[in-house]
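Me: I am new to this structure and would like to learn how to read its charged side chains. Could you take me through them?

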Amino acid sequence: MKWESFKTLLLTVLVILSLVLTWNLWTYQSDYNTIEKPDYITSVLVSKGKGKSTIGEIIHPFQAIYHADDQIYGLSTGQDLHDMFQTLIDAEFRNIFVFSNELPDKLKRNRRQEPDSNGVEIIFPKAIPVSLFGEMLQGDGSDKENMQDDFQDIDSDTVFDRIVFYNVDKDQNTSMKAYFKERESTVASADVNNVSLADLKSYYEDKHIFLAKNLDDKTIYLPAEPKPKKLLFNKSWISEEKFINALFSYPNVRQEQENVYKSVSEFLRVNNHIIKYFNADPGSGKVKTNLSAKKNPSLLQESFQVINSHSGWTHDYMLFDYKNVEQKDNPLLNGTAIFRLMVGNSSSEYRYPVFSDVSGYGYYPYNDAGTILLSWKNGEVHELVRTQLYIKENLPQPGQSNFKTGEEIWETLNTSEEVQMNFVKDIRVGYEMTYPPDPNLVFTPKWFVLYNGEWVSADKLTTPKEKVQEGNEQ
């Protein structure tokens, strides 16, 4: 081949290569692509796990106390308490009396004297509207609908944190009287048919003894000899794509940077397996929040429905706290609901709330990976924050934890120089969850104290500050 011909061929090849490279540069797409939500996805988050629940499985009591003469017996969250509550919400609640001057005339009644006889008291983690209790009542037909309507007519400002049940007549075994109470004040009452006090007492066969303690002008009950065991679970992580498909309103989601996604005014950030969904412009109508058709949607009801609609109950959760922010010039939903993870042994004999400090990992309100936090602003979901954690099977964990009795923890708090008892608002048995878990989930039983607005383990609370600082420096 002549030199001139070779040069021509070489130049031709170089031109072709140059064109190919230029085309690749123009058509190159980075890893930060647009994520298309499939048409077939209808707000499904996970295909395994608990998924959906009834409102009575999420908003429910954490204790049931039976007063028997000079002794107090109790049930904590577990299968027996679950079954007892199911029995109650299957019953009939009639003749609702509300003790308030601010309610419609048809609901005003004179207060009736409560009996002095022994009764069963169920206690909720947080005071909730009496009107919401109607939503928990199960069953079909016009009778149940009428009962629910009767409860719905009650003003949402009428709240209760416990219900006490008494026999109407000692010789009658088919009906009770229910008194809805906030702390020590009775706010409403109702007749309860088809369930008797004997039915409720049947759940106390094991007779776990509890102690009554006066705290912050209310009575709390501590298990006398709790015996929770350390637990170990397998775990996996739910993919962030499933959260994107479940939470974003619009089909096109843009990946802005690693672990940050955006669509219109919606953002989702992932940090250390913690998901934070954020609506930057709540109330604008840009995000499609599907409120229920009820005439007066409530914060708790709608928060439950949002998580239920995308099968977000990936394990057992319960309502633990909420704050409803009412604005006179803005009747739309504003506030925050917190649902806390519950774990227990494989037989479901007991379940306790999970606390997990993730301060230092960022982007998690209240620094607690044991919760799902849902906040509202101007009638739309403003934030949803939770872990990607999916809890799998319970692994065997030998050994019994040494655990303080109810009297011992009460004495410890009262004698500690680090504790001001006027800041103590509640005391619970719970589990401390290691986070991030590696390789398995470890749940260590501890006493927890609601202290100055935050839940903290009793051992951390009573440790002298000098020792805490020394431990942090190590």
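**Charged pairs and a charged patch**

Reply: Start with one pair in this predicted model: Asp-316 and Arg-351 join their side chains in a salt bridge, 3.0 Å from N to O. Asp-316 sits in the loop between α8 (299–309) and β16 (317–324) and Arg-351 in strand β18 (residues 351–355), so the pair ties together parts 35 residues apart in sequence.

Me: Are Asp-316 and Arg-351 buried or exposed?

Reply: Both Asp-316 and Arg-351 are buried.

Me: What is the general idea behind such pairs?

Reply: Side chains of opposite charge can pair when their charged atoms come close. The structure holds 14 salt bridges. Among them is the one between Lys-446 and Glu-432, whose closest N and O atoms are 2.9 Å apart. Lys-446 belongs to strand β23 (residues 441–451) and Glu-432 to strand β22 (residues 424–433), so this pair, 14 residues apart, links distant parts of the chain.

Me: Why does Lys-446 count as buried?

Reply: Buried means under 20% relative accessible area. Lys-446 counts as buried because its relative accessibility is 19%. Glu-432, at 30%, is partly exposed.

Me: Which side chain meets Arg-254 in a salt bridge?

Reply: That of Glu-256, at 2.8 Å from N to O. Arg-254 is partly exposed at 39% relative accessibility, and Glu-256 is partly exposed at 38%.

Me: Which residues are linked in a network of salt bridges?

Reply: Glu-121, Asp-161 and Arg-162.

Me: Which residues gather in a patch of negative charge on the surface?

Reply: Asp-80, Glu-205, Asp-206 and Glu-349. Of these, Asp-80 lies in helix α3 (residues 79–89) and is partly exposed, with a relative accessible area of 33%.

Key:
Residues numbered from 1 in each chain as written. Predicted model: local features only at pLDDT ≥ 70, side-chain atom pairs only at ≥ 80, totals over all residues. Heavy atoms only, no water. Patch = residues over 30% accessible without salt bridge, like charges linked within 9 Å, V, L, I, M, F, W, Y side chains within 5 Å. Areas by Shrake-Rupley, 256 points an atom, 1.4 Å probe, with all protein chains shown as cover. Salt bridge = Lys/Arg side-chain N within 4 Å of Asp/Glu carboxyl O. Lys, Arg positive; Asp, Glu negative; His and termini not counted. Charge placed at Lys NZ, Arg CZ, Asp CG, Glu CD. Helix = DSSP H or I, 4+ residues; strand = E, 2+ residues; numbered from the N terminus. Buried < 20%, exposed > 50% of the residue type's maximum accessible area, 1.4 Å probe, protein only.
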